[in-house]
Amino acid sequence: MFGEDDIVKSHKARAAIIINLIILSFIIIIVRLWYLQIYRGDVLYKYSLENRLRKEVVKAPRGLIFSRNNQLLVNNIPRFDAIVTPQYLKNKKTTLKKLSQTLNMPLESIEKILKKNRSQARYRPVVVKKNISQKEVAVLETEAAKMPGVSVDTFISREYRDAEVGGHLFGYIGEISQTQLPKYRKRDNFDYKLGDFIGKAGIEEKFDLDLRGDDGFQFMEVDARGRMKRVVSSGPLFGEIENRPASPGNSVRLTIDRDMQITAFKALEGKVGGAVAVDVKTGEILTMVSRPSFDPSKFSRGLTSEYWAQLVNDENNPLRDRNIQDHFSPGSTFKTITALAALEEGIVTPNTEWMCGGAFKFGRRYYHDWKRGGHGLTDVYKALRRSVDVYFYKIATLMDIDVLAKYAMELGFGRKTGITLPRETSGLIPTKEWKKKRNGEEWQKGETLSCAIGQSFVLVTPIQLAMAYAAIANGGILYRPHLIKEIFNNNGDILKKIEPEIVSRVGYKKENLDAVRKGLYQVANMQGGTAWWYRGRGIRMAGKTGTSQVMSMTKDELFSKCEEMPYRQRHHGLFAAFAPYDDPKVAVAVIVEHGCHGSSAAAPVARDIITTYMKKYEPELHAKYAEEDKAIAKKAWLAAKRKKEELEKKKQEAEASSENSEGEE
Amino acid sequence: MNLSALLEVLKKYDFSFFGTCGAIFMMGIVNLYSATHASASAHLASLYKTQLIYFFAAIIIGMAVSFIQPKNFYRYSIFFYLLTIFLLVLVLFLGHKGMGAQRWIVLGPLRLQPSEITKLSVIFVLARFFAKYNPDKELGLRDLLVPFVLAAIPTILIILEPDLGTGLLVLLIFMAIAFYRKLKWRTIAIIGILGMLSGVIMYNFGLKEYQKKRVLTFLNPGSDARGSGYNAIQSKIAIGSGKFLGKGFKKSSQASLNYLPENHTDFVFSIFNEEHGFVGSLFLIALYLILFIRFVWLATSVTRIFDSIVVIGIASLFFWHTIINMAMVTGLLPIVGLPLPLMSYGGSSLMTFGICCGVATSISNSRNLF
């Protein structure tokens with residue numbers, strides 16, 4: 001290279017500066033060491049001997065959950081654990097023996113727990129028994145002096161006011177597990193640590209980031225037995241000690257009405273199914289109940305293995321929310337959509353009358369009506385009122401499946417509604433393309449017939465049904481269902497207000513919507529309607545029954561009595577409705593698994609929910625309707641009486657046989 | 001090669017670097033044993049054995065490097081630099097994840113940490129650049145542009161891993177080299193003022209409180225993310241409790257009770273102080289000082305400017321690690337997670353320092369051997 005000797009030499013001045021800087025920085029370190037080791041040495045030595053400084057986590061209370069009327073639904077309550085700190089344990093044998101007597105648990109299991117945690121630092125407390133009683137707390141606190149190393153740990157647990165009511169809705173919280181830790185850290189960009197509680201289902205899961213507060217911490221000085229003495233704050237010794245108070249989580253106000261929840265829960269007593277009610281003008285969910293259910297409180301107090309086994313082994317799967325996580329064949333509740341599609345497409349007008357016998361021949365197959373003898377001359381109103389299968393078979397022959405699917409999808413079927421709850425399922429609306437993709441087969445026209453009455457491939461969730469019926473009721477606005485009205489902080493300041501969100505406006509003709517609504521009205525309010533016997537009073541309910549076959553059946557099975565079949569083969573009963581008819585306010589969808597009939601099993605649930613709504617929110621309207629219903633009922637009763645008397649007379653006179661009117665559906 | 005020739009080589013061979021480093025390492029291994037032997041986990045308790053194996057591997061590789069002629073460092077510096085950039089990019093895409101960061105490439109039993117060798121390759125490439133273009137002139141702002149880019153590319157890649165500590169270290173090495181290469185005092189003042197101003201503005205006006213924390217957590221996930229300074233406080237207690245003479249070998253209560261996490265990596269100096277006190281750390285600091293002065297002295301006694309700059313770069317690599325770690329555990333700087341050279345547990349860093357010693361020895365030997 002170049003003759004560079006001189007160049008290197010010219011850098012000597014800088015090298016000298018560098019050496020001086022190095023020496024200077026080590027002098028700074030040495031001064032610092034002198035300060036810590038000589039000047040402050042004695043104090044710090046003491047600290048190190050007993051390790052008197054301990055960092056304590058201050059748990060943040062979780063946000064509360066309120067009903068739409070500000071009733072407290074989910075609360076926090078203190079819970080107590082018995083803990084042992086190995087470092088401070090003296091006379092290990094006698095202390096543990098005493099502890100085992102107090103807690104009424106075998107000595108071996110306490111030793112086993114301690115053994116299991118042996119590898120962690122000895123100053124770390126070990127939870128020996130979770131959730132001890134008030135009495136045990138009192139004994140431990142008074143006997144503490146005799147049991148060094150044993151103490152009581154308090155922390156906040158979740159209390160769900162109505163236990164099983166809305167278990168699915170609220171979900172539950174649980175300790176984050178080792179395997180979940182990295183996943184959740186990444187998902188929420190939040191520094192979780194083991195032992196943190198997180199929402200694991202329902203609202204607790206979906207709104208976890210809002211509900212969960214931020215844990216604080218403080219430095220505590222402890223005595224030789226590990227007992228907290230005082231909070232240590234900043235000083236010259238340790239410099240800036242940052243003690244951070246816990247900031248509580250934000251609370252939420254739901255759209256849920258507690259009274260309707262309880263009504264729905266009671267109405268589903270002894271049944272397996274779900275019910276959901278929504279406000280037709282906003283898409284707010286008023287009620288959402290699924291049974292069998294579970295008690296989320298039991299989760300947050302530390303789940304017992306018995307309770308967990310009971311939940312998991314129940315063949316009806318209590319952990320599943322039937323309103324959003326399960327889908328069903330809608331059965332006849334889907335006829336409303338078929339009717340609307342036929343009207344919009346001009347296939348029928350409200351007054352198109354067709355003769356409907358007991359079966360409909362298509363190709364080489366007979367498609368049966370639920371009523372053996374048929375219904376006779378039928379228009380759209382009657383088709384809905386009496387759920388005339390043949391009428392819809394006929395429509396299906398004139399309509400392409402893709403057209404039907406288009407209408408169903410416009411009303412929100414076949415895709416997730418976007419409710420703010422985890423693990424929603426989308427249901428299924430079949431199209432030709434879907435079938436081809438699924439198994440490479442062409443669509444069979446006969447399948448359209450089955451789809452038109454809500455059987456075959458069609459699958460819906462109760463929440464979809466409720467939203468679709470709400471859209472029909474409100475003139476064609478499909479809302480996104482929502483659960484949370486607002487989120488507010490500890491001071492009551494509203495942080496976020498959730499406004500109704502319109503998914504789409506279907507833009508169907510008013511006269512067609514009116515015709516369908518009228519048909520639905522007659523279902524419950526005209527003699528011969530399939531839900532006539534479950535119409536209630538003062539609610540003006542308009543709805544549609546549905547019975548969905550669990551498995552395909554032969555003709556004989558179809559007409560055999562459902563209640564006599566094995567439980568697992570019985571039909572599901574569905575009912576979807578809105579009320580009141582003149583000015584719809586609430587829409588409801590109910591499913592009762594293996595309930596046999598939409599009318600007798602599901603309709604009463606909807607009726608009860610709507611009645612509670614009307615009494616609470618529209619008392620005047622309810623009273624007025626009830627009065628009118630009473631008058632109508634009286635008139636009907638008188639008419640029936642007169643007819644009966646006439647019949648009686650005729651019978652006596654002629655001894656002729658009269659036909660027996662059958663029960664509905 | 002016959003015996004007498006070998007003896008001739010050994011006579012001229014400069015053992016000062018390996019010697020000093022070996023002395024520091026001896027104190028380190030004793031300290032590591034003391035800190036971890038009582039640990040409940042078998043893995044921690046046997047760390048000192050692993051560290052010994054790493055040490056011998058580092059010595060062998062370092063010695064091998066010492067027989068490479070310095071002109072080859074010059075010749076292959078660009079290739080070496082590009083290779084490490086490639087590895088840094090590679091590690092971002094298919095690196096092994098540990099502790100929330102992506103720093104390693106796994107090759108069978110070997111775990112390669114490209115950011116470690118990057119420090120060395122940046123030193124070589126900067127030395128080449130500064131030696132080639134006007135090595136006799138003082139540097140202005142404009143002369144810094146290209147070398148700054150050369151240093152900034154790996155810095156950014158390392159910060160993305162994310163490993164803030166090592167990333168900033170590369171920049172510090174760059175600054176040390178630029179200073180040695182006669183950066184004008186005026187330019188230093190300008191850079192200093194600009195840096196300070198922009199830092200203050202960014203921190204006070206640009207970021208909100210929670211954003212600052214987010215950024216810090218993102219850049220350095222291994223740090224105490226909840227910002228409490230627990231480790232720093234326990235470290236100070238450990239150091240202070242050593243007092244003048246220390247508690248003695250294997251007597252550290254902070255380590256044995258596990259109050260001080262990471263006591264085998266970042267916080268070895270705290271444990272050393274607790275056990276050997278003020279006197280012990282004076283001795284240790286003296287050893288480090290000897291090593292650094294030896295480095296700088298070598299830098300001024302070589303004949304080629306490239307060699308001189310390389311030695312200054314290596315010296316700064318050692319020095320920054322040492323001073324930042326010491327300042328961090330004594331509570332003078334925030335915890336950034338840099339190991340103490342030759343004292344902290346860790347194969348990658350030990351290997352780096354071994355190779356650095358090899359390079360310095362090679363340069364020293366080239367004056368009278370080759």
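Just after helix 14 of chain A, A:Gly346 adopts a positive phi of about 75 degrees. The model is predicted, so local features need pLDDT of at least 70 and side-chain atom pairs count only at pLDDT 80 or more, while totals for chains, interfaces and linings use all residues. Residues are numbered from 1 along each chain as its sequence is written, chains are lettered from A and ligands numbered from 1 in the order in which they are written, and side-chain values use heavy atoms, with hydrogens and water left out.

Helix 14 spans residues 335-344 of chain A and is mostly covered. Of its 10 residues, 10 are buried (under 20% relative accessible area; exposed is over 50%, partly exposed in between; 1.4 Å probe, protein chains only). Among them are A:Lys335, A:Ile337, A:Leu340 and A:Glu344. Helices (H or I, at least four residues) and strands (E, at least two) are DSSP runs, numbered from the N terminus.

Chain A contains 24 helices and 23 strands. Of its 665 residues, 52% count as buried. Contact means heavy atoms within 4.5 Å. Among contacts in chain A between residues at least 6 apart in sequence, 72% join residues at least 24 apart.

A:Gly418 sits in the loop between helix 17 (401-410) and helix 18 (432-439) of chain A. This glycine is partly exposed, at 24% relative accessible area. Leaving aside neighbours within four places in sequence, A:Gly418 contacts A:Glu424, A:Arg480 and A:Pro481. A:Pro481 is 63 residues away along the chain, yet the two C-alpha atoms are separated by 7.1 Å.

Helix 2 (residues 12-39) of chain A gives the largest share of the patch, 3 residues. A:Ile38 lies in helix 2 and counts as partly exposed, at 33% relative accessibility.
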